[in-house]
Structures are given as C-alpha cells and as structure tokens.
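Colleague: Hi! I have a new structure to look at, and I could use a guide. Can you walk me through it?

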Amino acid sequence: MKPRIEPIVTAAILIAIWHAAVVLTDAKVFPSPLAVLRGLNDLPHLASYIRDSLFRVFCGYFSAVILGVPAGLALGWWLPLARATNPLIQMLRPISPLAWMPLAVIWFGVSNLAPIFLIFLATFFPVVVATMNGVRNVPPMFIQAGRNFGLSTPALMMRVVVPAVLPNILVGLRLAFGVAWIVLVAAEMIAVDSGLGYLIIDARNAGKRYDLVVGGMLTIGVIGLLLDTLIRLTERLKVVRWAFHD
Amino acid sequence: MTKVVFTKIGMTFGSAKADKSVHVLDDINLSVNQGEFVCLLGPSGCGKSTLLNIAGGFIKPSEGEVTIDGERVTGPDPRRIFVFQERGVFPWLTVEQNIGFGLFRQPANERRERIAHYVQLVGLQGFEQSYPRELSGGMKQRLEVARALAVNPDVLYLDEPFGALDSITRLQMRRELLRIWQAEKKTILFVTHDIEESVQLADRVVVLSARPGRVRRVVDIDIPHPRDLSDPRYLQLRDEIFGEIGLAHQI
C-alpha cells in the first residue's frame, strides 16, 4: 500500500472549506479547525483517554474473535448445530448492542467491563456469521479431496477448512472492528468516566466545549482509519494473499 | 488381473416416494483390469459422474457394490484418488505444498523426493514456489494430477478433468496423461462426454445410456498408442460410438 497524494489533497480542501465557513459566517458555537487543534492540545487527559478507549475495544473485540471464530467454524460445519441455534442468533442479532446498556450497567457497574461487554456483543455475531458462511461456501471438492487423501475430521478442519475460510474470516473481522469502534463511543458516553466517548459527552455537559466535541469526533475517526489500515495489512499475509488482489 | 468390479450398481436419489425420486443408475456391471484405461462415456445427466463417485467411496449406491482387489469400497481411500477439474487444487498452497498435501505420513526426506519427482513428471520445474493463481489452466490440471500421483494410488478417477480447458491445451493434456499412465502403470477410470476423447485415450469405452444410466455397450479400442487420428480403424470405432450415442438420444 503506497501512500497516495489524493486523500491528502481531499482532506486539505475540506479543512480549508471548514475554516472558511466558520470565518465567513462568524460562527460562535461551531469551532474552527485551529480552535479544535488548540483545544485538543491543551487537554491533559487526551492520551489516557485514547489508551482507555483502545484497551476496551481490544478486550471486547478479541474476546469476540477468540470465541466467535471457533463458534462460526462449528456452526458452519455441523448443520444440525446451525439449525438448532440459528433462530436464537437471528433474534439476538437485530437487537442493537446499545439496548443492552442498562443491563450492562446493572451487571458491571461503572467499570471497564460494561463497554467491553457491549463491544463483545456487537462484534461476536458478525464474526460468527462471517465465519459460518465462509465454511458453508468452501467448495465441496476441497473437502472431498481432503477426505480422499485420508484426513481425519480435525486434520480436515486445520488443513482445508480453516485455510479456505481465512479470507472470509478476515473480511468479517474487519467489518466487526468498524462496529466495535462505533459501539465503544456510545458505550463510553454512559457507562464510564474516561475514554473518547466520555470526552465528547463531558465536553458538552461540563462547559459547552464544542472544540473538544469536534476534536473527540476527529480523534475517533483518525484512529479508526489507522486501525482499519492496520487490519487491511493482514490481507497481504502469505496465508490469505491468494484470495485478495495484489 | 481384475482390479475394480462394479456389481449390480443401482442409484436412486431423493425421497422414498417414487414420484419425487430420480433413478440415475440401473444395474451397472463392469470389471476393470489392473492397469487398464477405461472411459465412461455418456450423455450429460446419465449418471456417469455418480458412478465414479460411487467407485471413489463418496456416494453409497442404493443397490449393489463396488469391490477393489476383492475388498468392498465403503469410503474414500488414499489408494484411489479422485481428480477434479483444475479447480480442485488448493489455492492457498504452493505447487510443492499441493503435491505434498497427501504425504503427511511420509518422513520429510521421502516427501521431498516424491515432490521433486512429480514436479518433474508433470513438467512444473521452476514453478515449485508458485501459487495456483499464477499458473495456467493446463498447469493447474497437471498439478492436480501430480498431487494425486504423489501418494502412489493404484487407481485414478478422473471426472471430465479437461472439460474446462481450451481445445489445444486439452489435446496436449491427453497426450500428457497417456505418457504418465504408461510411466506409472495406474488403473484409470475416466468420465467424459466427449466421444473423440474416449476413443483417443481408452483401452475400453463403456457407453452408458441416457438416464437411468445402463451399460449400452463396451467397445474395445484395439489401436496401439500413439494413436493416429486419421487411422481408418480409429474413425470406424469413433463412428460406431457416435451411432450408439445417437440411438441413445432418440429414445
């Protein structure tokens, strides 16, 4: 992935328009880009807020991945298991993770566990479903060939099914990460007193600091972009490169 | 010496209700000799692929049984390898890793030797570290044949292996397959709907009827290799089979 000039130009133009709009309309509440930068710069907690947010996302996300991938493999492989659990999954899936917030607060109180739990809920199902669909779409001839060479079921899983679905799993992981980041901010607005979500809600409640509201939003966006880029780098790993275009 | 014996094979797919079920194979009796190259030829939908899958142990027949060396086939077995169209190679493995896929029981040095031998045999030298997407259709097909041969099976089942290749590559692959068959002395069961292909390759062509597939006729192709495609005997046998299939279409 070579760094490209186009996105930088786009960003520069948008920032210029933003600045011009604030100056020309003489806006009182909405901050200019410079005001946002100054506000963030003066904020002593910014680094620790970012650290807290990242910690929560990683805990929730990785526990969802560690449980969700094996669950998806099992559901994709054993049809009866999928038939038995599918209605439950399809019923739980449309419930917004944020709807669990009151329960999360009761169960875990104002602690890291509440947002971690919500992020887990938000990412677990996309990971399970992507993995499960991947397993079902493994070409039957790969399975047949594996059996023909005398592989036992565990060996077939490790040597044929997992490598075949790994690209699907990666795509699922990437989508799930986007969701995790979205849910994190909402969860932090209610369930905790640190982090980037908390920064936004606190800046508004405590002193109508809209420079910090916008600054918090931009920080979330920029970190999200960086992490997505990082996840995309995994598509270049040798074990999955066969499935993605160079 | 007799190798593969089909005894009264019948196959019906679907439910027990007669109107919903599909009767694809009916009373197939056939015996294939050790080292023989037999083509199963028939119109599409006649059940020839099903018959090959039954021999491979992937499908249980509704009636009858297949035995190999007198032993009943109950499931897939590395002594008999099924070769698909070129899409059967594992895209996440290199050429070498694909060929070595079935060699997990062998010690590392033997695995290395066999991989090198079969890379050589199918002419993929220089591509050992390549991935299938970097290979042409014909090369992928040769890779799949090499992967099958590497585990030293006695029988190869090929299910329209060259169907997806262009016509020039297909001709080259037929010549390659004959060369490999003569070098490795395997028993080959080859499914095709291409009459010319069957007469070019086989010792015997088993002509199946339209569904439900029955053995209409078994034609001995008594022409030595390499076969001259303008030889009168070749043309005569080919036209005989054309006639046979033509009749099958009229029923």
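Modeller: Happy to! One term before we start: two strands pair if DSSP finds at least two bridges between them. Also keep in mind that this is a predicted model.

Colleague: Got it. In what order do the six strands of the open sheet in chain B come?
Modeller: The order is β6-β7-β8-β3-β9-β10 (chain B), and the pairing is mixed.

Colleague: And which strands stand at the edges there?
Modeller: Those are β6 and β10 (215–220) of chain B. Each has a single partner strand, so one side of each is left without a neighbour in the sheet. On average, neighbouring strands of this sheet are turned by 15 degrees against each other, direction ignored.

Colleague: Let's look at β7(B). How many of its residues are buried?
Modeller: Five of its five residues, so to speak a mostly covered strand, covering residues 155–159 of chain B. B:V155, B:Y157 and B:D159 point one way from β7(B), while B:L156 and B:L158 point the other way.

Colleague: What joins β7(B) to strand β6 of chain B?
Modeller: Four bridges, and the two strands run parallel. One pair to find on screen: B:F82 has B:Y157 in β7(B) as its bridge partner.

Colleague: How many bridges are there between β7(B) and β8 of chain B?
Modeller: Five, again with the strands in the parallel sense. Here B:D159 stands opposite B:V191 in β8(B). To get from β7(B) to β8(B), the chain crosses through helix α5 (residues 167–184) of chain B, and this β-α-β crossover is right-handed.

Colleague: What about β3 of chain B, how does it pair with β8(B)?
Modeller: In the parallel sense, over five bridges. Look for B:F37, which stands opposite B:I188 in β8(B).

Colleague: Which order does the open sheet of four strands have?
Modeller: That one goes β2-β1-β4-β5 (chain B), with antiparallel pairing. At the edges stand β2 (22–33) and β5 (71–72) of chain B, each with a single partner strand. Strand β4 (residues 63–68) of chain B pairs with β5(B) over two bridges, and B:T67 stands opposite B:R72 in β5(B).

Colleague: Where does helix α1 of chain B lie?
Modeller: Helix α1 (residues 48–56) lies across β1 (2–13), β2 and β4 of chain B, running at about 120 degrees to β1(B).

Colleague: Switching to chain A. Why does the length of helix α9 agree with what it should span?
Modeller: At 1.5 Å a residue, the 12 residues of helix α9 (residues 196–207) of chain A should span 16 Å, and its end C-alpha atoms are 16 Å apart. The buried residues of α9(A) pack against α3 (46–77), α8 (153–191) and α10 (210–233) of chain A.

Colleague: Last one: how many residues of chain A are in contact with chain B?
Modeller: 11 residues of chain A, in contact with 16 residues of chain B. Helix α7 (residues 140–148) of chain A gives the most to chain A's side, with six residues. By class, that side has seven nonpolar, three polar and one charged residues.

Methods. Residues numbered from 1 in each chain as written. Chains lettered and ligands numbered in written order. Predicted model: local features only at pLDDT ≥ 70, side-chain atom pairs only at ≥ 80, totals over all residues. Contact = placed C-beta atoms within 7 Å. Nonpolar A, V, L, I, M, F, W, Y, C, P; charged D, E, K, R; others polar. Expected span 1.5 Å × (residues − 1). Buried ≥ 20, exposed ≤ 12 C-beta atoms within 10 Å, placed from the backbone. Right-handed = clockwise from strand over helix to strand, strands pointing away. Axes fitted to C-alpha atoms, helices over the stretch in contact; angles between N-to-C directions.
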